[in-house]
Amino acid sequence: MRPLRWLYLDLNSYFASVEQQLNPQLRGKAIAVGPERIDSGTIIAASYEAKAFGIHTGMRVGEARRLCPQLIFCGGDHSRYTDYHNRIVAEVWRHIPVTHVCSIDEVACRLLDNENSPEQALALARRIKAGIRANVGDCLTSSVGIAPSRLVAKMAADMQKPDGLTLIRAADLPQALLPLPLRDIPGIGAKMEARLNARGIRTMADLLAQDPQAATASWGSVVGARLWHALNGHDMPDRPQQSRSIGHSHVLAPDIRSLETARDTARRLLLKAASRLRRADCVTRHLTLHARFESRRGWHATQKLAPTDDSFPLLEALAGLWPRLAREIGNERIRVIGVTLDDIQPAAGTQLNLFEAPPRPTLRIARAMDALNEKFGRNTVTLGSVATGRAGLIGTKIAFGRIPDAAEFHE
C-alpha cells in the first residue's frame, strides 16, 4: 500500500485575509483586492463574505460592484503579502520542513516515515493550522490536503474550504476523485478540457479508466502518463525546471491609454525587469515588446540582442521596437503593455561573440542605480524623465506563482 507522502497547505482567500488581519475594521465584511477605480480591472482576491455574493478571483471590478454595491476595495502595498508569506513559511518550518513553496499562498511538505500514519499526519496538520493562527494571524485560515502524491494532496486541499482538512489514502483512490470535474485537476483549463472532450474524455472516470499509454495519447505527451500515475497516488519525481524569461505587464487605466503613457510604462517595466536580471546574475538575448488593444487583439515584436543585463542597451532596443507598435496601433488604444526578457542564461560563463564590442561602462551605472534605489527607495534615480500619473506608480505586484524578493519592492 502506498503511504501518505504529502501535506499540502493552501491559505484561504490569502490576500483578502491579510488585509483583514491588518485592519480589524474589515473583518466580517465583503472586501476585494483590486483596482477600485477601474471597472475593467480584475479582482485578484475576495473575502469569503464577498464570495457569498458570487465574487471571485478574475472577475471584473465593475461586475463585482454590481453584485455587491457595499463591496470594500483595499490592498495597495503588495510587500505586505510577501511579508506574511515569509512569516507563514517560517511557521510551517517550525513543524515540518517545507519541500516546495508552490505559490504565494501554497506550500507542499513531504512526510517522512515517522510522521505519515493517518493519525500522525492529521495531528501535524492541525498543529500547523493552529500555529499559523496563533503566531501569524487569526484571520489566516488554511485548508490542508494529505495524500500519497503531491497532486492528489493539492486537490484534497481544495475539497473543503475554508479551514478544511482532507486526507485521502491510497485505498481511497481513484474513487475519492471520481465526483470531481476535470477542471479540478491543476493544469486543466478550458482549452485542455475541450481537447480531452474531443477525445471522448468528459469526466474524471473517463480519464482514470485509461491506462498510462492511453492517457499519453489523450494528452498528446508524456504529461498524460505522469498525470495518470499521480492521480492514482504514485509519488512522481519532479521534473527539473528553469526560469527562461523575466517579464512584466501592466493594464492601463481607460483615461490614460495614450501612446505616450504606454511608452513611459513600458520603459518602467523594462527597467524593473533589467534590475531583476542583474540581481539573478543572468543575461538575456531577446527583448519582446507586447501589447493588447481595447479590441482584445494582441501584438508583439522581438529584438535579438548581444548577451546583456545592462539597462541602457535594453532601452535602446525598446526604442527600436516602439515605432513598430506605433504603426500597428491604428485607431485603437492600448489596454495592456508589457515587456519580456527571453533566452536567459547565467552571466558567468556566457560565450561572447568575438566580433562584438565589449560590455559598455553603462553597466556600472545601472548597478549603482540598483544600489541607490534599494537603499533610498524606488525612483530615487531613474533613466530619463520620471513617469507621471499611474505610470509612475507601477510597483511590484504579487503573482500567484512567483513570490517577489524584498528588493523588488524598491525597483
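The largest nonpolar core of this predicted model has 35 residues, and Tyr14, Val92, Leu140 and Ile146 touch the most other members. By nonpolar core I mean a set of buried Ala, Val, Leu, Ile, Met, Phe, Trp, Tyr and Cys residues joined through side-chain atoms within 4.5 Å; buried means under 20% relative accessible area, with a 1.4 Å probe and protein chains only. At least two residues of this core come from each of E1, helix H1 (14-22), strand E2 (31-33), H4, E6, helix H5 (118-135), E7 and E8. Helices (H or I, at least four residues) and strands (E, at least two) are DSSP runs, numbered from the N terminus.

Let me take one member of the core. Leaving aside residues up to four places away in sequence, valine 92 touches Val98, Val107, Cys109, Ile128 and Ile132, contact being heavy atoms within 4.5 Å. Apart from this core lies another, of 31 residues, including Leu271, Leu305, Ala317 and Val339.

A word on conventions. Residues are numbered from 1 along each chain as its sequence is written. Local features need pLDDT of at least 70 and side-chain atom pairs pLDDT 80 or more, while totals for chains, interfaces and linings use all residues; side-chain values use heavy atoms, without hydrogens and water.

I turn to the sheet. Five strands form an open sheet in the order E5-E6-E1-E7-E8, with mixed pairing; a pair requires at least two bridges found by DSSP. Strands E5 (100-103) and E8 (165-167) stand at the edges with a single partner strand each, so one side of each has no neighbour in the sheet. Within the sheet, E1 (residues 6-11) and E7 (residues 142-147) pair in the antiparallel sense over six bridges, and leucine 7 stands opposite isoleucine 146 in E7.

Which strands does helix H6 touch? Helix H6 (residues 150-157) packs on the sheet against E1, E5, E6, E7 and E8, and its direction makes about 145° with that of E7. Axes are lines fitted to C-alpha atoms, for helices over the stretch in contact, and angles between N-to-C directions run from 0 to 180 degrees. Helix H4 (residues 79-93) lies across E1, E5 and E6 (106-110), at about 15° to E6.

H6 also meets helix H10 (residues 223-231): their axes come within 7 Å and cross at roughly 65°. Leu151, Val152 and Met155 of H6 make this contact with Leu227, Ala230 and Leu231 of H10.

Finally, helix H11: 15 of its 21 residues are buried, so H11 is largely enclosed by the rest of the structure. Just after H11, aspartate 281 takes a positive phi of about 55°.

Conventions. Buried means under 20% relative accessible area, exposed over 50%, partly exposed in between (1.4 Å probe, protein chains only).
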